[in-house]
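Please look over the sequence and the model below.

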Amino acid sequence: MSTKGTTEPRRHRRSGTFRRAVLLAVATAFACWLPFQLSREDIGLYDRMGLYALVAIGLTLLMGFAGQVSLGQGGFFLIGAYTSGLLTVGLDPDTRLVDPNAGIDPLLAVAVAPIVSAAVALVIGIPLMRLRGHYLAFATLAFALIAWSLLYAQDRFTGGQFGVTVAKRLSVAGHDITGATHAAVVWGLVGVVLLLSANLVASRSGRALQAIAADEPAAAASGIDVAAFKLKLFVYAAALAGLAGGLFTFYAQFLGPEDFVIVLSLLFVVMVSIGGLGSVYGAVVGSVTIVWIEHELRALGTHESLLGWHLPPQGPSILSLGVFGLLLVVIMLFFPHGLLSGVLGTIEATRRRVARRDRTGEPPPGVSDPQRTRESR
Amino acid sequence: MTTFFQLIVVGISTGSVFAIVGMSLVLVYRATGIVNFAQGVFAVLGGLLTYSLGQHMSLVVAAVLATVISAVAGTVVAVVAVGFRGRTTPLASLIITVGIALLAEALLLTAFGEVPRSYRAVSDHAWNIGGVLVQPQYAVLAVVALAAALGLTLFLRRTIVGQALVAAADAPRAAELIGLNLRSVAVIAFAIAAALTAIGGLLLAPTVPVTYNADLSITINGFAAAVFGGLASIRLALLGGYALGVVEQLVVGYVDPQYNLIIALSVMLVLIGWRSRGELAL
């Protein structure tokens, strides 16, 4: 996938690094303050937005810079969640009894979650990173399906369809991290990960990644180990998904297969495509948008009828499957650099066209095509 | 031993469907460079349409109509998935087909509901061969898969349209230069693949009831079959499908039914990993 959208703002990047870091810090501080002002229901929604943003940031780097799409980020999210959950509850698979004193400290469990996800990614990623994109897409989907099927097949450990209740709460130095505090911690981590990821893109490795994104054979010819860089991104993305999963455990305090359905992995792809492949800030916008849309659609879908059309009992799933599918098709067809940058680009092109028409009195030939306007400048 | 042979027979019949879907994926991939994530949707569409139309007419007529409608749906998917020249990359096309699959599930759920559907097989009679029960439906599936493999191979090698499909994928620029319309090529490939997959799906429905969201597992099993031949070989996709079906049934019979998908997908992962050795950018 071309990454014109991500290489373009590079010129501004150098001069504005400090200013951007300050802006990011202010935005993160606001994001951490916000949950304390929200209602109970909204905090849950807001928390989920942050958790999914962590996953989407990793995926957008993988899709934008490695040109690889993972349809299995939900699998890494699942592994992170069950890793931290099962380590915490101290489940005895033979008696199926939960021993509250047996598990390890939740904080440690959350720290282990991304490591386990990353290790799994390393194992399945080594052979895959040398192949073309669609192999990774199907292999990661297969992996997510395997992980999900194992929840049922190994229900001695996972509780199968009944799930596992995690009673212990995440706490740091005696402070319980639940509700608004949990959301604040998650969004604080989103800020940290954004800073890390933006720096990664701007660093020496980032320049290698941009070279790979622009022209893979050329990058390989200039001595960049393309497969190794792609693998690192894949592992990084998996670690972020694992971290989000680990934190999810102490957001829900319950783990069941319902929260890790296969469609979730595809939703992460929708989030990334909204924000633009390779745009870490876009990934946050994407996750906020999708979680909000899903919430609204669920409310809409439970109505008896909608616009005079009778809704069947499966209304919520029909609406969300339909809307997300349509979004994905439309965005990839018409705004392959992301809905956000696509819309902003169109506005910018129109503004320029208007400005130019004001100068010359009439539109110059060929400006009806925004792409050409940009090139002619 | 009877159990073993019984499992092999059932495995070959379900494997035939994987083979049919796998060959459809290979056909589309060879002609357009696109891996169609929505391929399994046509199998579901074929089954559900045959059921619904079969309420009002004979099942044979319903099946023919379902196949034709699926082929038309295939042309629509082709136009959307190919996208715009020079702007839509193969990876973008793959993501578009993911979107189409989600959208299709919503439409199928709206049109047909979530109840698993099944109907009469070609014959209620079952042959007893040394204790092994062989339903005629199994034989029909296996024969259709074989015929499809033979037909597709001859089509790609011997007919002018088939040659055009191969040419369009091997050298798109050169193919355009000699006057091939790449979009028409894609439409033809998608339509044939959709019809073929629909036939596979509507033949499977009498033995395995079909639901609106069965497309994902059908697609991924078909992809696993196609991977045997690196997405390029019709013949190997056929063998891959049979092998996958048999392995899944043996797992069901001897290990644990819960593990059949897990083991089949693990086999696919190992195969992909094995293919990656020495083959950069396959």
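L267(A) is found in helix α13 of chain A, which spans residues 262-275. Helices here are DSSP runs of H or I with at least four residues, strands are E runs of at least two, and both are numbered from the N terminus. This is a predicted model, where local features need pLDDT of at least 70, side-chain atom pairs count only at pLDDT 80 or more, and totals for chains, interfaces and linings use all residues. Residues are numbered from 1 along each chain as its sequence is written, while chains are lettered from A and ligands numbered from 1 in the order in which they are written.

Is L267(A) buried or exposed? L267(A) counts as buried because it has 25 C-beta neighbours inside 10 Å. The rule is this: 20 or more other C-beta atoms within 10 Å of a residue's own make it buried, 12 or fewer make it exposed, and anything in between is partly exposed; C-beta atoms are placed from the backbone. Leaving aside neighbours within four places in sequence, L267(A) is in contact with I290(A) and F324(A). Contact means that the C-beta atoms of two residues, placed from the backbone, lie within 7 Å.

Now turn to chain B. G15(B) sits in helix α1, residues 2-32. G15(B) is buried because 29 other C-beta atoms lie within 10 Å. Not counting residues up to four places away in sequence, G15(B) touches G241(B), Y242(B), L244(B), G245(B) and V246(B).

The table gives C-alpha to C-alpha distances.

| Pair | Apart in sequence | Apart in space |
|---|---|---|
| G15(B) and N221(B) | 206 residues | 9.0 Å |

**Chain A and its helix pairs**

Chain A has 17 helices and eight strands. Of its 377 residues, 48% count as buried. Take the contacts in chain A with a separation of 6 or more: residues 24 or more positions apart account for 76% of them.

Helix α4 (residues 40-65) and helix α14 (residues 280-301) of chain A pack at an angle of about 135°, with axes 8 Å apart. Axes are lines fitted to C-alpha atoms, for helices over the stretch in contact, and angles run from 0 to 180 degrees between N-to-C directions. α4(A) and α14(A) are therefore oblique to each other. Their crossing is right-handed. The residues of this contact divide into twelve nonpolar, five polar and one charged. Ala, Val, Leu, Ile, Met, Phe, Trp, Tyr, Cys and Pro count as nonpolar; Asp, Glu, Lys and Arg as charged; the others, Gly among them, as polar.

Helix α6 (residues 106-128) and helix α12 (residues 226-252) of chain A pack at about 150°, with axes 7 Å apart. The crossing of α6(A) and α12(A) is right-handed. Their contact holds 20 nonpolar, five polar and no charged residues.

**Where the chains meet**

How many residues of chain B are in contact with chain A? There are 38, and they meet 41 residues of chain A. α4(B) gives the most to this side of chain B, with 14 residues. The side divides into 26 nonpolar, nine polar and three charged residues.

Conventions. Parallel < 35°, antiparallel > 145°, perpendicular 65-115°, else oblique. Left-handed = near helix turned anticlockwise from the far one by under 90°.
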